Amino acid sequence: MTTTAARATHVRTQQTITYAGARAAVDAALERAAEIGVPVNVAVTDPSGALIAFARMDGAPLLSSGIAQDKAWTVSAFNGIATHEFFGLIENEAPLREGIVHRDRLVVFGGGVPVRVDGALVGAVGVSGGTAEQDREIAEAGAAAPTHI
């Protein structure tokens, strides 16, 4: 028989964003995008990178829908590293820099940010459709929403 203490060494409890939290993030991101007049796609994933919520504003580029999802996935896949921070981590390592960008779904420019609660990664927001800086600003507005409830 396995004891509770023994099970604790084999099982991890992880917080994750809920659908309601993901919707709050999407809504906040869409609101910020409308304020600055940039039609975008917004994706929210859980810490494993699984898509929880998605929206495509009228006029947002179709190709950007996949990029938004990949930005959120990249953040989750790398334990919360924002996509705008990623290039700085690899820029001085030529073999890594040149090789890793050929990985499917990896995005190394702005627009993907973590959602954290009490320091723990609970999800990620990915935005695509504007400039990298606009996408980042919109994603950050989305990521802040679930933590302000």
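Two strands count as paired if DSSP finds at least two bridges between them. I kept that rule at hand while reading this predicted model.

Entry 1: I looked up β1 and β2. They pair in the antiparallel sense, over five bridges.

**Entry 2: the cores.** I then turned to the nonpolar residues. The largest nonpolar core has 23 residues. Val40, Val42, Val44, Val125, Val127 and Ile138 have the most contacts inside it. Which elements supply at least two residues each? I noted α2 (19–36), β1 (41–45), β2 (51–56), β3, β4 (120–128) and α6 (132–144). Of these, α2 gives the most, with five residues.

Leaving out residues up to four places away in sequence, Ile138 touches Ala29, Arg32, Ala33, Ile36, Val38, Val40 and Val127. I also found a second, separate core of five residues; Ile90, Ile100, Leu106 and Val108 are among them.

**Entry 3: helix α4.** Which residues of α4 (residues 83–90) are buried? I listed Thr83, Phe86 and Ile90. Seen down the axis of α4, these buried residues fall within an arc of 25 degrees, so they line one face of the helix. What do they pack against? I found α3 (63–77), α5 (94–100) and β3 (112–117).

Notes: Residues numbered from 1 in each chain as written. Predicted model: local features only at pLDDT ≥ 70, side-chain atom pairs only at ≥ 80, totals over all residues. Heavy atoms only, no water. Buried < 20%, exposed > 50% of the residue type's maximum accessible area, 1.4 Å probe, protein only. Helix = DSSP H or I, 4+ residues; strand = E, 2+ residues; numbered from the N terminus. Arc of directions from axis to C-beta. Contact = heavy atoms within 4.5 Å. Core = buried A, V, L, I, M, F, W, Y, C linked by side-chain atoms within 4.5 Å.
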